[in-house]
Amino acid sequence: MGPTDDDDDDLDRTKLGIDAFIHTKKSERDRPYLIVLAGPNVGEMYPVVGAENFVGRGGDATIRLRDDSISRKHVRIVIEANDVRIEDLGSANGTIINGERVTVASLRDGDKIQLGATTILKFTYHDKLEEDFQRQMYDAALRDPLTKIFNKKHFLDRLAIEVAFARRHKTSLALVMLDIDHFKNVNDTYGHLAGDHVLSKLAAVIQAVLRAEDTFARYGGEEFAVVCRSTTPADAGVLAERIRVTVQQTAFAYDGRAIALTVSLGVGGFLVEGDATNIVAAADEALYEAKRAGRNRIVVRR
């Protein structure tokens, strides 16, 4: 028995369904993004949405990058039909696409865009699954898996950038180092699962009292660090005391058992003739002075 007209109609409908599916998947894949390959925002991913986007370090930029070497509004990205165009807005350090300095250019999937001295972006198209995967990779590279705050590597990278910024603009910079008092006793008494729970909750408690511009990281086993931009050691000392009191007043518990917890904190300030190593050493010395003096206290080195 040969094919009927009804069979042809079914085939047409099936084909239309497949075409619609392919079109839908293509549309999902055609979501433009900028991925930061190098620079202060490394690993971050920004969707390019709407007809016009401004990229720069200014507060009014659509895509804001924490890079002192790029202009407040460095480039404009315009989407028109199937064309995505990038325009340099008279930036001080220029815009380079695949090694060539440009004023206006159409972007293609995979293009590398350098803005200023350090930031390199990749222009690409992603679907939702790819976006989620990219974000997971970003978190895995920069965040501590237990506490979900930044890891030591990102902290050191960020501190170097903040030191350079403070030196260039002659602004204040402070570093707070903190350590859980007698943390070994927590592990020995309640177990390592309890210790992990305490570390995770402590990170969340401290994060809640910080500013958005502060960089909070796990520096070591039970040691944490906070980079405070445009902050004097005295003001960072106020923050350190707020952290100390907040931790002391927080109820920590695991498996129904209360766990008393305190922290010691040291504050160091940036000196113009110094570098990242010096500010870490100053904060670390202050921290150990606080511990030698009896713990559950702060020491500030100006």
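Leaving aside neighbours within four places in sequence, with which residues is Leu 202 in contact? In this predicted model, Leu 202 is in contact with Ile 180, Phe 224, Val 247, Phe 252, Leu 261 and Val 263 once those neighbours are set aside, where contact means heavy atoms within 4.5 Å.

Residues are numbered from 1 along each chain as its sequence is written, and side-chain values use heavy atoms, with hydrogens and water left out. Because the model is predicted, local features need pLDDT of at least 70 and side-chain atom pairs count only at pLDDT 80 or more, whereas totals for chains, interfaces and linings use all residues.

**Chain overview**
- Of the 302 residues of the chain, 43% count as buried, a term that means under 20% relative accessible area, with exposed meaning over 50% and partly exposed lying in between (1.4 Å probe, protein chains only).
- Among the contacts in the chain with a separation of 6 or more, 56% are accounted for by residues 24 or more positions apart.

**Nonpolar cores**
- The largest nonpolar core has 29 residues, of which Leu 202 and Phe 224 touch the most other members; such a core is a set of buried Ala, Val, Leu, Ile, Met, Phe, Trp, Tyr and Cys residues joined through side-chain atoms within 4.5 Å.
- At least two residues of this core come from each of strand E12 (173-180), helix H4 (183-190), helix H5 (192-207), strand E14 (223-229), helix H6 (233-249) and strand E17 (263-269), and H5 gives the most, with 6 residues.
- Another core, of 21 residues, lies apart from it and includes Ile 63, Val 75, Ile 77 and Tyr 125.

**Packing of H4 against H5**
- The axes of H4 and H5 come within 6 Å and cross at roughly 135 degrees, the axes being lines fitted to C-alpha atoms, for helices over the stretch in contact, with angles that run from 0 to 180 degrees between N-to-C directions.
- Phe 183, Val 186, Asn 187 and Tyr 190 of H4 make the contact with His 192, Ala 194, Gly 195, Val 198 and Leu 199 of H5.

**The six-stranded sheet**
- An open sheet of 6 strands runs in the order E2-E1-E11-E10-E7-E8 with antiparallel pairing, two strands being paired if DSSP finds at least two bridges between them.
- Strand E2 (45-47) and strand E8 (100-102) are at the edges and have a single partner strand each, so one side of each is left without a neighbour in the sheet.
- From one strand to the next, the twist averages 30 degrees.
- Strand E1 (residues 31-38) is joined to E2 by 3 bridges, the two running antiparallel, and Tyr 33 stands opposite Pro 47 in E2.

**Two buried residues**
- Phe 270, in the loop between E17 and helix H7 (276-292), is buried, with a relative accessible area of 12%.
- Not counting residues up to four places away in sequence, Phe 270 touches Val 163, Ala 166, Arg 167, Leu 173, Asp 275 and Ile 279; the C-alpha atoms of Phe 270 and Leu 173 are separated by 5.4 Å, although these residues are 97 residues apart along the chain.
- His 154 has its place in helix H3 (residues 152-169) and is buried, with a relative accessible area of 6%; with residues up to four places away in sequence not counted, His 154 touches Pro 40 and Leu 142.

How values were computed: Helices (H or I, at least four residues) and strands (E, at least two) are DSSP runs, numbered from the N terminus.
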